[in-house]
Amino acid sequence: MIRASIRRAAVTIAACAVTLSAGFPAHAATTYSAFAFDLGSSEPTIYSFINSATKTLDMTMYELSDTTAVNDLIARERAGVDVRVILDEREKSTNAAAYSALQAAGVGVVYSSTTYYYTHQKTITVDGTESLILTGNLTAKYYPTSRDYGVFDNDANDVNAIEQVFNADYAHTAITPSDGDNLLWSPTDSESRLLSVINGATTSLDIEEEEFSDQAVVDAIANAASNGVTVRIALENPSSYSSEISEVENAGATVVGYSSSTGFYIHAKAIVADYGLSTETVEAGSMNVTSNSLGSNRELGIILQDHGVASVIESSFNSDFAGGTPS
């Protein structure tokens, strides 16, 4: 278990700094911004976004077990906001309390369709104008120890695509998602879109993942390393992926890991390619690097050429990579 006080202090300072740059309320022009979860007992950036809703709020959440967030949703409903929530059907034991509280307060809440193995997406859309795409759930007990990110997106094509999928998923009807300008979805195109980020890297590839077993993605990372791209990976539980790690390390990648469910935990799913170059690309979202996550779940992520977003993720990644144990 790696919980060095100096490293944790640096992570906390970085998280607080980027929270201030999250930049809301909703931006006047098409912009993107990001933050790292606070590593504290609450997530005020997320609560503030919920409380900024004046007309509508649509949330899809794999796990919702945060009393503050639930109470904020109820308060928005009572203030006249049309609040709708989708919670994962397979996680009823985690979601039951939130579901009951929301339902009793008149919030529109449904469990997800069994069309998807998990509805693992973590997204909040406010007033139909801005979406928050998260790598982490609203599960308060994990806030103090889990590395996660959020990306604010008010690109109209992205938000419209997210709302179209929400409406279909809320009604349990079929839809082929649109990628808008920047999105990737499971179970439709997330694997191919992730591969486009990895295959497009020319000099560097920084990868932070909870799970690491999808063979096509692992092969692409190994290929990038063998072609001279500097590949760094921060991973949770490397011992679970020994063959995959051997493949990428043999190709030249460097892998570090964390291994405690009670200590600092890499829950994030993010990639930064060619940081600081004109080809810089950043990806973050709910999908793990597994065949189930990419092919069977409902998942959502975002791919951007935005230096501000890349900087937030790269800063935390550098700290996490430095604090990890070489595999």
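In the hairpin formed by strand 6 and strand 7, where three residues lie between the strands, Asp 127 adopts a positive phi near 55 degrees. This is a predicted model, in which local features need pLDDT of at least 70 and side-chain atom pairs count only at pLDDT 80 or more, while totals for chains, interfaces and linings use all residues. Residues are numbered from 1 along each chain as its sequence is written, and side-chain values use heavy atoms, with hydrogens and water left out.

Strands here are DSSP runs of E with at least two residues, and helices are runs of H or I with at least four residues, both numbered from the N terminus. Two strands are said to pair if DSSP finds at least two bridges between them. Strand 6 (residues 122–126) pairs with strand 7 (residues 130–134) in the antiparallel sense over four bridges, and within this pairing Ile 124 stands opposite Leu 132 of strand 7. Strand 2 (residues 56–61) also runs antiparallel to strand 6, to which five bridges join it, and the bridge partner of Leu 57 is Val 126 in strand 6.

A residue is called buried at under 20% relative accessible area, exposed at over 50% and partly exposed in between, using a 1.4 Å probe and protein chains only. Because five of the five residues of strand 6 are buried, this strand is largely enclosed by the rest of the structure.

Most residues other than glycine have a negative phi, and most peptide bonds are trans. The table lists further places where the backbone departs from this pattern.

| Site | Backbone value | Location |
|---|---|---|
| Ser 186 and Pro 187 | cis peptide bond, omega about 10 degrees | Pro 187: loop between strand 11 (183–186) and helix 6 (190–200) |
| Asp 274 | phi about 55 degrees | loop between strand 16 (270–273) and strand 17 (281–285) |

Asn 237 has a relative accessibility of 28% and therefore counts as partly exposed, whereas Asp 274, with a relative accessible area of 0%, is buried.

Ala 310 belongs to helix 10 (residues 307–323) and, at 0% relative accessibility, counts as buried. When its neighbours within four places in sequence are left aside, Ala 310 is in contact (heavy atoms within 4.5 Å) with Val 272, Tyr 275, Glu 280 and Val 282. Ser 327 is 17 residues from Ala 310 in sequence, and their C-alpha atoms are 25 Å apart in space.

Taken as a whole, the chain has ten helices and 19 strands. Its radius of gyration is 19 Å, close to the 20 Å that the globule rule gives for 327 residues, so the chain is as compact as a globular protein of that length; the radius is taken over C-alpha atoms, and the rule is 2.2 Å times the number of residues to the power 0.38. The C-alpha trace spans about 55 × 45 × 40 Å along its principal axes, and buried residues make up 59% of the 327 residues. Among contacts between residues at least 6 apart in sequence, 72% join residues at least 24 apart.
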